[in-house]
Amino acid sequence: MPELPEVEVVRRGLERWVCGRTVAAVDVLHPRAIRRHLAGPGDFAAQLVGRRLGAARRRGKYLWLPLETEGPTGPDRAILAHLGMSGQLLVQPHEAPDEKHLRIRIRFADDAGTELRFVDQRTFGGLSLHDTVPGDPEGLPDVIAHIARDPLDPAFDEAAFHAALRRRRTTIKRALLDQSLISGVGNIYADEALWRSRLHYDRPTATLTRPRSTELLTHIREVMNEALAVGGTSFDSLYVNVNGESGYFDRSLDAYGREDEPCRRCGTAMRRRPWMNRSSYFCPRCQRPPRPHAAS
DNA sequence: CAAGGCTCCTGATAGC
DNA sequence: TGCTATCAGGAGCCTT
């Protein structure tokens with residue numbers, strides 16, 4: 001499932017293969033893939049044709065491709081992409097057969113011989129076009145202005161993150177998955193970082209000391225950077241990078257998906273608990289549940 | 001406003 | 001064999 005490292009791999013692929021190319025034609029093959037573009041598929045295509053794409057950017061799990069400005073008037077625009085659970089952005093030769101779940105095809109006005117394809121089995125992801133936040137140096141699309149900076153962003157505000165954890169009345173894994181507090185962390189890397197930090201997923205955020213939240217952030221960054229170094233995590237063929245190659249980080253996971261397998265620190269059988277309509281994996285010995293306490 | 005639950009979707013897999 | 005139930009889960013939206 002694409003979380004920050006996987007999305008960053010895709011961003012780099014777009015940077016290499018799509019940046020600077022001019023859109024010639026757009027085919028929307030499934031309306032759900034364009035549902036966040038409220039003006040509809042026809043408008044999406046009409047707005048894109050003839051526009052040159054700028055350098056791909058990313059915040060958390062969101063990607064965007066700025067449209068290079070045509071003239072002095074009008075707001076800057078960008079193609080916003082989210083991969084959802086199963087989305088892929090593939091650069092394919094024109095002659096490659098259509099993927100079973102091909103949703104959007106973008107052709108370019110050059111003779112490079114390749115096109116950009118958005119393929120998505122479960123259709124949680126999609127593309128859309130948006131104005132960018134006025135004056136924002138990164139050209140952040142306005143609809144994701146509420147998404148927090150991610151832990152690999154040099155401008156991520158660690159002190160503010162810690163203060164928010166102390167202020168919130170919630171638990172640590174919920175906070176890690178809240179993209180308005182910290183972005184880019186999904187279920188897999190949350191479990192990995194909590195295991196490395198020996199923190200139980202139900203630990204109230206208000207109990208974390210500054211050293212503990214700093215340590216947690218360090219583990220988040222480490223696990224993400226390790227995944228990035230090997231091209232991301234993939235359990236099946238659903239996630240591939242922009243060239244269609246899978247990542248290999250799943251071989252290095254310490255917590256996620258390891259129910260009944262021995263903890264790599266202490267040997268205790270790892271456990272899985274249903275949690276928020278998904279699962280949490282943890283070591284019952286290294287990651288002790290928080291002590292229940294009376295409400296104050 | 002914050003917190004937490006619901007919902008969208010398809011395919012693999014388990015169980016009967 | 002073939003059916004149904006379950007699970008995977010990001011994030012917008014809704015309720016409390």
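**Figure 1. The protein surface near DNA strand B holds one nonpolar, five polar and six charged residues.** Ala, Val, Leu, Ile, Met, Phe, Trp, Tyr, Cys and Pro count as nonpolar, Asp, Glu, Lys and Arg as charged, and the others, Gly among them, as polar. The model is predicted, with local features needing pLDDT of at least 70 and side-chain atom pairs counting only at pLDDT 80 or more, while totals for chains, interfaces and linings use all residues. Residues are numbered from 1 along each chain as its sequence is written, chains are lettered from A and ligands numbered from 1 in the order in which they are written, and side-chain values use heavy atoms, with hydrogens and water left out. The residues surrounding DNA strand B are R32, K100, H101, Q121, R122, T123, F124, R168, R169, T170, R174 and N277; a residue is near a strand if one of its heavy atoms lies within 4 Å of it. Of the atoms of DNA strand B that come within 4 Å of the protein, 73% belong to sugar and phosphate.

**Figure 2. H101, R168 and R169 at phosphate oxygens of DNA strand B.** An N or O atom in the side chain of H101 is 3.1 Å from a phosphate oxygen of DNA strand B. In R169 a polar backbone atom is 2.6 Å from a phosphate oxygen of DNA strand B.

**Figure 3. I182 in the loop between helix 4 (172-177) and helix 5 (187-197).** Helices (H or I, at least four residues) and strands (E, at least two) are DSSP runs, numbered from the N terminus. I182 has a relative accessible area of 0% and is therefore buried; buried means under 20% relative accessible area, exposed over 50%, and partly exposed in between (1.4 Å probe, protein chains only). Apart from neighbours within four places in sequence, I182 is in contact (heavy atoms within 4.5 Å) with A148, R149, P151, F156, F161, A175, L176, L217 and I220. The C-alpha atoms of I182 and F161 are 7.5 Å apart, and the two residues are separated by 21 residues along the chain.

**Figure 4. S128 in strand 8 (residues 126-131).** S128 counts as buried because its relative accessible area is 2%. Its side chain and that of H130 are joined by a polar contact of 2.7 Å. Such a contact is a pair of N or O atoms within 3.5 Å; within protein, one must be able to donate a hydrogen and the other to accept it, and residues adjacent in sequence count only if both atoms are side-chain atoms. Not counting residues up to four places away in sequence, S128 touches R36, H37, F44, A78, I79 and L80.

**Figure 5. Aromatic pairs, of which the whole structure has four.** The ring centres of Y201 and W275 are 6.3 Å apart and the planes stand at 75°, so this pair is edge-to-face. Rings of Phe, Tyr and Trp (its six-membered ring) pair if their centres lie within 6.5 Å; planes under 30 degrees apart count as stacked, over 60 as edge-to-face and the rest as tilted. Y201 lies in the loop between helix 5 and helix 6 (210-229) and W275 in strand 9 (residues 271-275), so the pair ties together parts 74 residues apart in sequence. Both Y201 and W275 are buried. Y256 and Y281 form another edge-to-face pair, 5.2 Å centre to centre with 65° between the planes.
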